[in-house]
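Student: Can we go through this one together? I'd like to ask about it bit by bit.

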Amino acid sequence: MKLLTLNKKSHGHALKKRHLVTYSNPDSIISDQFRTIRTNITFLTAENQNKVILVTSPGKREGKSTTTANLAVSMAGQKERVLLIDASIREPAIHRIFKVQNETGLTDVLTYKATLEEVICKPGIGKLDILPSGSTSSHNPAELLGSDTMENLLTEVTKEYDIVLIDSPTVLKSTETRVLANQCDGVVLVVSRGKTSIEKAVEARKILALSKSKLVGTIMNEK
């Protein structure tokens, strides 16, 4: 099921520049599109009291992180308590989009170097909190994200937040995404028209199915 097509032309290529359109221009067409996506996700996951949604893409440069960031802002605009986790340990982007620190974060919590409270960032946007990826760790990302500690962390944060969004690495090249997807209530796949081939999109869906994750929808970015 496709959640929506995001038309980049409608907002002056703001997504390409990684601007938070849903925050800087909430009345724009693209902000309205994100509100529709937000509503669709809420409807599709209505049976889950605690929602953990993972956002991924088949490959790189398909708008995944920017889409996740804008979706988080849109959800926070509904006065929901939202936690955005950057699980792209190898190539994090969320801290740059929101201009927050990334010296400590998820990896530090998972390796017991810091507590969740110590590394949470508050960008000042509604009730949105951000858990950046954190310091570079010598541990294997797949082992960290597939650990009992990660599972326990997700259980903990769902008690404090209405929804948890996870920006994960690309699914075709990252084992950790396949491991993490199984721990989430749903997965959203971001693809890009003219960049993501049909073959790669199909392969991504197959991999997610093999990981026994629940694909709730696809977001298509248009150039």
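Student: Which residues have the most contacts inside the largest nonpolar core?

Tutor: First, this is a predicted model, where local features need pLDDT of at least 70, side-chain atom pairs count only at pLDDT 80 or more, and totals for chains, interfaces and linings use all residues. Residues are numbered from 1 along each chain as its sequence is written, and side-chain values use heavy atoms, with hydrogens and water left out. A nonpolar core is a set of buried Ala, Val, Leu, Ile, Met, Phe, Trp, Tyr and Cys residues joined through side-chain atoms within 4.5 Å. The largest one has 35 residues, and those with the most contacts inside it are L106, L131, L153 and I166.

Student: Which helix gives the largest share of this core?

Tutor: Helices here are DSSP runs (H or I, at least four residues), and strands are too (E, at least two), numbered from the N terminus. Four residues of the core make up that largest share, and they come from helix 8 (residues 148–157).

Student: What does I166 touch?

Tutor: Contact means heavy atoms within 4.5 Å. Leaving out residues up to four places away in sequence, I166 touches V52, I53, L54, V55, I85, A87, L154, L180 and C184.

Student: Is K122 buried or exposed, and why?

Tutor: Buried means under 20% relative accessible area, exposed over 50%, and partly exposed in between (1.4 Å probe, protein chains only). K122 lies in the loop between helix 6 (116–119) and strand 4 (128–131). Because its relative accessibility is 64%, K122 counts as exposed.

Student: Which side chain does K122 join in a polar contact?

Tutor: A polar contact is a pair of N or O atoms within 3.5 Å; within protein, one must be able to donate a hydrogen and the other to accept it, and residues adjacent in sequence count only if both atoms are side-chain atoms. Not counting residues up to four places away in sequence, K122 touches L128 and D129. The polar contact, at 3.0 Å, joins the side chain of K122 to that of D129.

Student: How much space lies in the largest cavity?

Tutor: A cavity is a set of points on a 1 Å grid over the protein atoms alone where a 1.4 Å probe fits but cannot get out, and lining residues have an atom within 4 Å of a point. Grid points are joined across faces, edges and corners, and a volume is the space filled by probe spheres set on the points. R38, I41, T42, K51, M75, E80 and I163 line the largest cavity, and its space is about 40 Å³.

Note on methods. On a 1 Å grid over the protein atoms alone, a cavity is a set of points where a 1.4 Å probe fits but cannot get out, and a pocket is an open set with protein on both sides within 12 Å along at least five of seven lines; lining residues have an atom within 4 Å of a point.
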